[in-house]
Amino acid sequence: MNKLQAMEVFAKVAETGSFTRAAEAMDLSRSATSDHVAELERHLGVRLLNRTTRRVSLTSEGQVFLERARQVLDLIGLAEEEASVGALTPRGRLRVNAPVSFGQHYLAPLVSTFLARYPEIELELVLTDRIVDLVEEGYDLVLRVGRLPDSSLISRRITTSRMLLCASPAYLEQHGTPRHPADLARHACLHLIGTAWQTWSFEGPDGAVSVPVTSRFTVNNVDVLMQATLDGAGLCLLPLNLTQSALREGRLVEVMPDFRGRELILHAVQPPGHLPVPKTRALIDFLTEHFGPRAQRNGGGEA
């Protein structure tokens with residue numbers, strides 16, 4: 001028995017006072033309408049309606065049940081209405097994960113703007129440099145930098161950032177300046193844990209070049225990596241956006257400018273099999289607005 005449908009039919013019969021009128025209103029046959037009510041009565045073990053050839057009336061049990069049934073049906077209708085509105089309006093709790101440095105430098109300044117634009121969203125932002133399990137840890141969206149190993153994930157490319165090979169002036173003065181990727185074998189190289197640090201790839205004047213490198217220092221935080229580079233610990237591939245200020249101020253020097261490092265891609269990742277919902281779409285569109293190609297052309301931030 002479909003309890004919900006049976007309750008709807010019973011309520012309509014009680015409202016109209018007639019099986020025939022209820023059947024017409026619900027586009028059912030009269031026999032089907034009668035069967036629904038009879039089945040509900042058998043399930044409850046009580047008579048809900050008194051039936052005569054002229055009229056239908058509620059029993060005392062039917063009166064009590066009708067009151068409760070209407071409450072249930074009203075709540076279901078309200079839930080459906082809210083869900084329909086929610087299908088258009090971004091709302092609810094949005095749990096997001098992002099790398100620590102990206103969150104600190106680029107997401108934090110945008111939080112108040114995002115919340116003001118979407119007042120019905122409750123944003124929970126968790127910053128960590130480890131790879132999280134979206135499903136197990138209950139994230140609606142994860143921002144990931146670099147390659148995506150899991151092809152079942154639903155991802156959208158937000159922006160890219162060019163990688164620059166950098167070093168401090170003090171390091172270059174002491175160890176010399178490499179001119180070609182092959183020279184890196186004689187230098188101290190610094191790496192971010194989780195990247196393919198054993199081999200560095202570049203796009204040079206004569207095409208792609210990949211060289212093996214030896215790590216003197218690895219760390220899982222790009223800010224620490226940046227500081228080690230500034231302090232003269234070695235050469236490092238760093239995102240353009242992170243190095244611009246230090247390059248302008250002369251605290252870092254771009255090395256081998258004719259050899260471009262690979263692009264670093266920022267993806268917005270959703271769990272597999274999840275339908276896009278307004279709150280998630282809102283954040284993805286917001287990030288694209290601030291970090292995407294159009295934002296970069298207009299002088300916006302490059303992630």
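Visitor: Hi! What share of the 303 residues in the protein is buried?
Guide: Buried residues come to 41% of the 303. Buried here means under 20% relative accessible area, with exposed over 50% and partly exposed in between, using a 1.4 Å probe and protein chains only. Keep in mind that this is a predicted model, where local features need pLDDT of at least 70, side-chain atom pairs count only at pLDDT 80 or more, and totals for chains, interfaces and linings use all residues. Residues are numbered from 1 along each chain as its sequence is written, and side-chain values use heavy atoms, with hydrogens and water left out.

Visitor: OK, how many helices and strands are there?
Guide: You'll find 11 helices and 14 strands in the protein. They are DSSP runs numbered from the N terminus: helices are H or I with at least four residues, strands are E with at least two.

Visitor: Which residues of α5 are buried?
Guide: Those are V100, S101, F102, G103, Y106 and L107. That makes 6 of the 8 residues in α5, which runs over residues 100-107, so the helix is mostly covered.

Visitor: New topic. How many cavities of 30 Å³ or more does a search of the whole structure find?
Guide: It turns up 1. A cavity is a set of points on a 1 Å grid over the protein atoms alone where a 1.4 Å probe fits but cannot get out, and lining residues have an atom within 4 Å of a point.

Visitor: How much space lies in the largest cavity?
Guide: About 100 Å³. Volume is the space filled by probe spheres set on the points, and grid points are joined across faces, edges and corners.

Visitor: And what lines the largest cavity?
Guide: V96, L107, L110, V111, F114, L123, L125, L283, F286 and L287 do. By class, that lining has 10 nonpolar, no polar and no charged residues. Nonpolar covers Ala, Val, Leu, Ile, Met, Phe, Trp, Tyr, Cys and Pro; Asp, Glu, Lys and Arg are charged, and the others, Gly among them, are polar.

Visitor: Which element gives the most to that lining?
Guide: α10 does, with 3 residues.

Visitor: One more spot: where does T59 lie?
Guide: T59 is in the loop between β2 (56-58) and α4 (60-86).

Visitor: Why does T59 count as buried?
Guide: Because its relative accessibility is 9%.

Visitor: What does the side chain of T59 reach?
Guide: It gets to the backbone oxygen of R47, at 2.6 Å. Beyond neighbours within four places in sequence, T59 is in contact (heavy atoms within 4.5 Å) with R47, L48, L49 and N50.

Definitions and conventions: On a 1 Å grid over the protein atoms alone, a cavity is a set of points where a 1.4 Å probe fits but cannot get out, and a pocket is an open set with protein on both sides within 12 Å along at least five of seven lines; lining residues have an atom within 4 Å of a point. A polar contact is a pair of N or O atoms within 3.5 Å; within protein, one must be able to donate a hydrogen and the other to accept it, and residues adjacent in sequence count only if both atoms are side-chain atoms.
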